[in-house]
Amino acid sequence: MTRLLAAAGLALFTTGPAAAETATDSELRGTGDLGVVIERASGSVALIDTTARTVLRHVGGFGDLSHASVKFTRDARYAFVFGRDGGLTKLDLLTGEIVGRVIQAGNSIGGAISQDGRFVAVGNYEPGGVKVFDSETLALVADVPADYEKADGSIGQAKVVGVVDAPGNRFVFSLFEAGEIWTLDMSGDEPVLDKHRDVGREPYDALITANGRYYIAGLFGEDGMALLDLWHPEKGVERILPDYGRGEERLPVYKMPHLEGWAMAGDLAFFPAVGRHEVLVADS
């Protein structure tokens, strides 16, 4: 029996490297080495090896990438590309091939993947609202219109910005024209929507802190920002940094400074000062 076990162990030891030698580079490449670069002019994505610093291939067929963003699955196998034409495209980083694509709106602005990886949510400018898809099949799971009541009592449809994923399989997003922040809970059998109104004029983008607790929306229509404590949503939305720029003439804004491109680093937070040639540095 000892000799049999020893022989089996030797066979296992020797077949491993032999099998590895017959494998191709693509089969052995780890997803942690891979990344993508959006090639907006050609509507393609460059798949890159970040260790070798080489372009593995250029993948076409992504549509309008003039304002694209990317989110990765938890295992880093797939990248979801959100295109400006409303396209949601799923790219397999190991094979370098598109494995799913759906035109889900007329104009989208980004999205997020749920904590458990089952859902991918897309925020839309046109016709507004959020759509949630099964991350495996891209089948539609939930459709949440961004309808809101205007001052005159009529119903409007807002652009959705600042879509992030939060702990507990929740998505959080802002409604630009409505001045509202909504949370969409996907943890149960049915989606549950919670609305926070009057958070400030024209929230234009947002970020979530690394611990998943605070959602911060920048306000384009006024000074300051809106903060929602996701651990205590019953407290409502708090206004922070309300006095920056007060009394100063505002400069024209030609390009929206998105908050997700800024940072929370240690004890400091870095925010764009809308209408000023400055960056705000705040105590986080």
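Which strands each supply at least two residues of the lining of the largest pocket?

Reply: The model is predicted, so that local features need pLDDT of at least 70 and side-chain atom pairs count only at pLDDT 80 or more, while totals for chains, interfaces and linings use all residues. Residues are numbered from 1 along each chain as its sequence is written, and side-chain values use heavy atoms, without hydrogens and water.

The strands in question are β19 (214–219), β23 (268–272) and β24 (279–283), each of which gives at least two residues to the lining of the largest pocket. (Strands are DSSP runs of E, at least two residues long, numbered from the N terminus.) A pocket is an open set of points on a 1 Å grid where a 1.4 Å probe fits, with protein on both sides within 12 Å along at least five of seven lines; lining residues have an atom within 4 Å of a point.

The volume of the largest pocket is about 260 Å³, counted as the space filled by probe spheres set on the points. Its lining comprises 15 residues, and Thr209, Tyr214, Ile216, Met264 and Ser284 are the closest to the centre. By class, ten residues of this lining are nonpolar, four are polar and one is charged. (Asp, Glu, Lys and Arg count as charged; Ala, Val, Leu, Ile, Met, Phe, Trp, Tyr, Cys and Pro as nonpolar; the others as polar.)

The lining of the second largest pocket divides into five nonpolar, seven polar and three charged residues.

Met256 belongs to the loop that joins β21 (237–240) to β22 (263–265). Its relative accessible area is 25%, so Met256 is partly exposed, a class that lies between buried (under 20%) and exposed (over 50%), with a 1.4 Å probe and protein chains only. Apart from neighbours within four places in sequence, Met256 is in contact with Tyr204 and Phe220, contact being heavy atoms within 4.5 Å. From Met256 to Arg74 there are 182 residues in sequence and 29 Å in space, C-alpha to C-alpha.

Terms used. Helix = DSSP H or I, 4+ residues; strand = E, 2+ residues; numbered from the N terminus.
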